[in-house]
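These exercises go through one structure step by step. Try each task before reading its solution.

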Amino acid sequence: MSDTGVAGNVLDVEKIRKDFPILSQSVRGKPLIYLDNAATTHKPISVIERVRNFDAEKYGTVRRGTYKLSEHATQLYEEVRQKVADFMGAEKKGEIVFTSGTTQAINLVAHSFGKRFVNEGDEIVISNIEHHANIVPWQVLCEERGAKLKVIPVDDDGELVMEEYEKLLSPKTRMVAVNHVSNALGTINPIKEITQKAHAVGARVLIDGAQSTPHIKLDVRDIDCDFYTFSGHKMYGPSGIGGVYGKMEVWEEMPPYVTGGDMIMQVTLEKTTYAKPPARFEAGTPPITQVMGLGAAIDYLNEIGMDKIADYENSLLEYGTRLFKEIEGVRIIGNARSKASIISFFSDSAHPHDMVHFLDQDGIACRGGHHCAQPTMIRYGVPATTRASMAFYNKPEELDALAESVQKCIRIFS
Amino acid sequence: MSYNNELYQQVILDHNRKPRNFHAIENASHSCHGINPLCGDDITVYLNVDEEAGKIDEVSFQGSGCAISKASTSMMTTFLKGKSVDEARQIKEEFHKMILGEMDPEKEEHHLGKLTLFMGIREYPSRTKCASLAWHTLVGALDKKFDGVSTE
């Protein structure tokens, strides 16, 4: 692969692709080229088999039963919590709360943290390039509590304007909530610096890690953020499972969000006392099987190595960016200096929805739309973009095919 | 008449490049703003209706969207001029049924004329709203929905 400059020596992509059964299929008579990894990723056979094996032989309720099946399932379930904690660099496994994904994770923090710490006149800071999941919960919270939402602006390349960010911070700031990687542009935000500055005024920090978790080696203690969210289905695991890391000292101060079974210490008909974190935030029977799948996905990522994944995907991004810069009539939306493997682009002649239709005819799965980030689209003056988001199972040849198909489509519409 | 299941036919591409009746009507008797939140298609349909005769004298649109939504709206405007309000409503129903695959213009009687070009949409369920936005917005205008309409 020396001619593409993609780091084929870092990873054996052909071998990796054999781990993903879905990738070997054809779509409309052409080999599937899957480039919608920022929306959801596919599962290696080890995840599929771990889930199947667990359901076939080990399934049981967790943290309730006192018989063998349940005790064993509980043990496996808690082992995955430890695995997630290690993967993220958390100090204690109890700092990991399982949720259905990032959306629920942010809602949990916005509701619970908001109820305890956000009052009239307080301020919440987000950025202009957030996913709706990291905008709407804070908007709703601000409306409910009489707080104010402030927005970090973004420059033409897709980078947050840090001088403006500093000006937004004040002793009234209760929370700064930003993504690690923008799903619409690919920008990698300077979250360590963002955290430091927020802490300097006494604010807490939530990092939306839905996009970063599968691409960047994490160390939440080094970042020093107070919360960090993730989604299993964006990191080669099942949908319906994800979670949030939170500093134990903050979790302990927070009231429950969803209430019911399993999150209690004691219930009488007059009064309930709550369990300690993480159980306080995990009411009801959790998605047990999906947790097992998440564990298998983390094992798979660890086996390949997050550093290698990042290196390989960076070289794919560089290769793809070079290709797209040469296509006439296309501009890349989001040219930050530090980017994850996402290329969002726009053509004046072919609307993104027409574009993805033609790409689909060539077996290429790309997303066309606003990517649940309408304020980002408004900022760059486009109704939508076409987005190619790459994973470590993608090959440079697939980007060649994409570029060719994009050019063909532009010719049709010009 | 022969039918073609292909979605992006020359006529559709042509209406996308050069949309017909692509302007606002000042002091229109009816107008409505329609959006397709899933895609970001955003149009406004303007009508001048002769209320006594129940007839559409003028129809135009403005907005932005994908080729399907733009061509669908453009062709709707050329098709409806001079038709009665009742006819327009009936055609909307038939068009909707056709793109959902509930009515086969090859087998059933209809009044869609060249609008059967959009038949291919039935193969692509995610795109039906692109084609139907024009018609939802038209009905919104006729029904005087001042808050606008949405396909969601």
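Two strands pair if DSSP finds at least two bridges between them. Helices (H or I, at least four residues) and strands (E, at least two) are DSSP runs, numbered from the N terminus. The model is a predicted one, in which local features need pLDDT of at least 70, side-chain atom pairs count only at pLDDT 80 or more, and totals for chains, interfaces and linings use all residues. Residues are numbered from 1 along each chain as its sequence is written, while chains are lettered from A and ligands numbered from 1 in the order in which they are written.

**Exercise 1. Describe chain B as a whole.**

Task: which order do the elements of chain B follow from the N terminus on?

Solution. 
- Step 1. Chain B contains 4 helices and 4 strands.
- Step 2. Their order from the N terminus on is α-β-β-β-α-α-α-β.
- Step 3. The radius of gyration is taken over C-alpha atoms, and the globule rule is 2.2 Å times the number of residues to the power 0.38. For chain B the radius is 14 Å, close to the 15 Å that the rule gives for 152 residues, so chain B is as compact as a globular protein of that length.
- Step 4. The C-alpha trace of chain B spans about 40 × 30 × 30 Å along its principal axes.

**Exercise 2. Divide chain A into domains.**

Task: where do the domains of chain A lie, and which elements of domain 1 touch domain 2?

Solution. 
- Step 1. Domain bounds come from an automatic or database domain assignment. Domain 1 of chain A covers 13–41 + 305–413, and domain 2 covers 48–303.
- Step 2. Their C-alpha centres are 28 Å apart.
- Step 3. Two residues are in contact if their C-beta atoms, placed from the backbone, lie within 7 Å. The contact involves 24 residues of domain 1 of chain A and 29 residues of domain 2 of chain A.
- Step 4. On the domain 1 side, the elements giving two or more residues are α11 (306–325), β14 (342–347) and α13 (374–379) of chain A. The largest share, 5 residues, is that of α11(A).

**Exercise 3. Order the sheets of chain A.**

Task: what is the strand order of the 7-stranded sheet, and of the 4-stranded sheet?

Solution. 
- Step 1. The open sheet of 7 strands in chain A has the order β4-β10-β9-β8-β7-β5-β6, with mixed pairing. At its edges are β4 (96–99) and β6 (148–152) of chain A, each of which pairs on one side only.
- Step 2. Strand β5 (residues 123–127) and strand β7 (residues 173–179) of chain A are parallel over 3 bridges. A:Glu123 is opposite A:Thr173 in β7(A).
- Step 3. The open sheet of 4 strands in chain A runs β13-β14-β17-β16, with antiparallel pairing. Its edge strands are β13 (330–332) and β16 (367–369) of chain A.
- Step 4. β13(A) and β14(A) share 3 bridges in the antiparallel sense, and A:Ile332 has A:Phe345 of β14(A) as its bridge partner.

**Exercise 4. Find the backbone exceptions.**

Task: which peptide bond of chain A is given as cis, and where is A:Asp224 found?

Solution. 
- Step 1. Most residues other than glycine have a negative phi, and most peptide bonds are trans.
- Step 2. The bond from A:Pro277 to A:Pro278 is cis, with omega near 5°. A:Pro278 is in the loop between β12 (272–274) and α10 of chain A.
- Step 3. A:Asp224 is not a glycine, yet has a positive phi of about 75°. A:Asp224 sits in the loop between α8 (220–223) and β9 (227–231) of chain A.
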